[in-house]
Amino acid sequence: MSQPQMPLSLHLDDSASFENFLVTDSTRLLLNELRAQTDGAGLQWLYVHGAEQTGKSHLLQASARAAAETGRQALYLPIEQLQGESGAAVLGGLEAMDLICLDGLDFVAGEAGWERALFNCYNALIATGGSLLIAARQPPAALPVQLPDLASRLEGFATFHLAELEHEQRKSALRLRAECRGLSISDEVIDYIFNRGKRDLVTVFACLDHIDRQALMAQRRLTVPFVRSAMGW
């Protein structure tokens with residue numbers, strides 16, 4: 001099985017997959033497009049935008065992993081972690097990639113070196129047939145991109161908005177994450193986790209990670225008393 005190439009010791013989150021991402025009416029089309037792109041049969045240029053904790057990074061990492069698992073050359077680049085590098089150093093020479101997943105373009109939008117490097121990368125991918133998947137908090141037209149040619153190219157991407165999940169959807173997302181781990185989790189336990197702690201998905205997923213480890217060591221089922229003890233609540 002081919003693995004994504006990770007520059008600068010970057011690695012994919014082991015938990016990021018299409019299977020454990022909650023499909024809603026508003027995300028179904030996006031998931032279909034991402035799956036097609038990772039297979040090399042979909043759109044060449046995709047752009048995903050949304051607020052923090054809407055799943056952008058999860059989907060880009062899932063795309064990189066899914067593409068690599070089919071034998072394609074895929075790369076996930078979290079721009080927030082690479083701001084100290086030059087755009088040319090990060091993006092140069094990637095024309096051999098089948099799929100580049102560029103996460104957090106808003107962190108470098110407006111920086112001439114990064115913009116020129118991305119424009120050159122885009123042109124190189126046109127020649128080789130590679131695909132580009134970009135994520136940012138703002139849609140393309142709202143980014144402070146200074147290079148007109150790059151701005152026009154970005155506005156030509158197929159663009160999808162990731163909305164924040166409602167409360168019941170966040171519960172469903174937690175249930176799906178648990179089921180993908182092979183864990184049985186009751187509505188009572190889910191309600192307790194959301195009512196006792198913070199309700200954002202980063203926090204509840206971290207809670208699930210912790211109680212999963214504790215339950216495995218103790219060989220216990222996920223009950224409210226066990227979760228209370230494991231979390232120190």
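Which residues are linked with Asp106 in a network of salt bridges? In this predicted model, where local features need pLDDT of at least 70 and side-chain atom pairs count only at pLDDT 80 or more, totals for chains, interfaces and linings use all residues. Residues are numbered from 1 along each chain as its sequence is written, and side-chain values use heavy atoms, with hydrogens and water left out.

The network joins Glu52, Asp106 and Arg137, a salt bridge being a side-chain nitrogen of Lys or Arg within 4 Å of a carboxyl oxygen of Asp or Glu. Between Arg137 and Asp106, the closest N and O atoms are 2.5 Å apart. Arg137 lies in the loop between S4 and H5 and Asp106 in the loop between S3 and H4, so this pair ties together parts that are 31 residues apart in sequence; helices (H or I, at least four residues) and strands (E, at least two) are DSSP runs, numbered from the N terminus. Asp106 is buried at 13% relative accessibility, whereas Arg137 is partly exposed at 36%, where buried means under 20% relative accessible area, exposed over 50% and partly exposed in between (1.4 Å probe, protein chains only).

A further salt bridge pairs Asp187 with Arg175, with the closest N and O atoms 2.4 Å apart. Because Asp187 belongs to helix H7 (residues 187-196) and Arg175 to helix H6, the pair ties together parts that are 12 residues apart in sequence. Lys171 also forms a salt bridge with Glu168, their closest N and O atoms being 3.5 Å apart, and these two residues, three apart in helix H6 (residues 167-180), are separated by about one helical turn.
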